[in-house]
Amino acid sequence: MPVRRLIALSAFALLLPFAVSACTMTGHGTTSECTVSGCTVTFDRGVNAKASVLGIDAELVAVNGDVVTLSIGGQQVTVPVGQSQASNGMDIRVSEVTQDKVVVVLSTGLNQN
């Protein structure tokens, strides 16, 4: 596990109890909502959509039918809708693909208590 990711996850886990609600961020072509267990990122289709969550850059590369290609921390991963794939120590699951958006869940493996 890369040190940068481990530090980001540790800091996130330590600071989360001080937050009243989940963290929501909006960027160019993306919206992300994060909890201690991970983040849900909604990518707009048709734009250069990128997000930085939990210290890792995530980018929508391509959509071919029900198969989505993402770049997670510089590593390309292809995930069919409803399935998951491991990348950079995270579980990447594509939960929805529509004409306008792609919804991806990045799980850290940590659980809320």
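**A predicted chain built around paired strands**

Val94 stands opposite Val104 in β10, where strands (E, at least two residues) and helices (H or I, at least four) are DSSP runs numbered from the N terminus, and two strands pair if DSSP finds at least two bridges between them. This is a predicted model, in which local features need pLDDT of at least 70 and side-chain atom pairs count only at pLDDT 80 or more, whereas totals for chains, interfaces and linings use all residues. Residues are numbered from 1 along each chain as its sequence is written, and side-chain values use heavy atoms, with hydrogens and water left out.

The secondary structure of the protein chain comes to 1 helix and 10 strands, and its elements, from the N terminus on, follow the order α-β-β-β-β-β-β-β-β-β-β. Of its 113 residues, 33% count as buried, a word that stands for under 20% relative accessible area, with exposed meaning over 50% and partly exposed lying in between (1.4 Å probe, protein chains only). Taking a contact as heavy atoms within 4.5 Å, residues 24 or more positions apart account for 33% of the contacts in the protein chain with a separation of 6 or more.

Strand β10 (residues 101–107) has 5 of its 7 residues buried, so it is largely enclosed by the rest of the structure. Antiparallel to β10 runs β9 (residues 90–97), joined to it by 6 bridges, and a hairpin of 3 residues connects β9 to β10. Strand β3 (residues 38–44) is also antiparallel to β10, with 7 bridges between them; within this pairing Phe43 has Val102 of β10 as its bridge partner. Strands of a sheet pair through backbone hydrogen bonds, either parallel or antiparallel.

The order β4-β5-β6-β7 describes an open sheet of 4 strands with antiparallel pairing. Its edges are β4 and β7, each of which has a single partner strand, so one side of each is left without a neighbour in the sheet. On average, neighbouring strands of this sheet are turned by 30° against each other, direction ignored, with axes taken as lines fitted to C-alpha atoms (for helices over the stretch in contact) and angles running from 0 to 180 degrees between N-to-C directions. Within the sheet, β5 and β6 are paired in the antiparallel sense over 6 bridges, and Glu59 has Ser71 of β6 as its bridge partner.

The side chains can be read through the nonpolar core, defined as a set of buried Ala, Val, Leu, Ile, Met, Phe, Trp, Tyr and Cys residues joined through side-chain atoms within 4.5 Å. The largest such core holds 22 residues, of which Phe43, Leu70, Ile72, Ile92, Val104 and Leu106 touch the most other members. Two or more residues of this core come from each of β3, β4 (50–53), β5 (56–64), β6 (67–72), β7 (75–80), β9 and β10. Not counting residues up to four places away in sequence, Leu70 touches, among others, Phe43, Leu60, Val61, Val77, Ile92 and Val104.

Two local features complete the picture. A disulfide, that is, a pair of cysteine sulfur atoms within 2.5 Å, joins Cys34 to Cys39 with an S to S distance of 1.9 Å; both cysteines are buried, and the torsion about their S-S bond is about 110°, so the disulfide is right-handed. Gln83, in the loop between β7 and β8 (84–87), is partly exposed, with a relative accessible area of 46%, and touches Ile92, Arg93 and Val94, not counting residues up to four places away in sequence.
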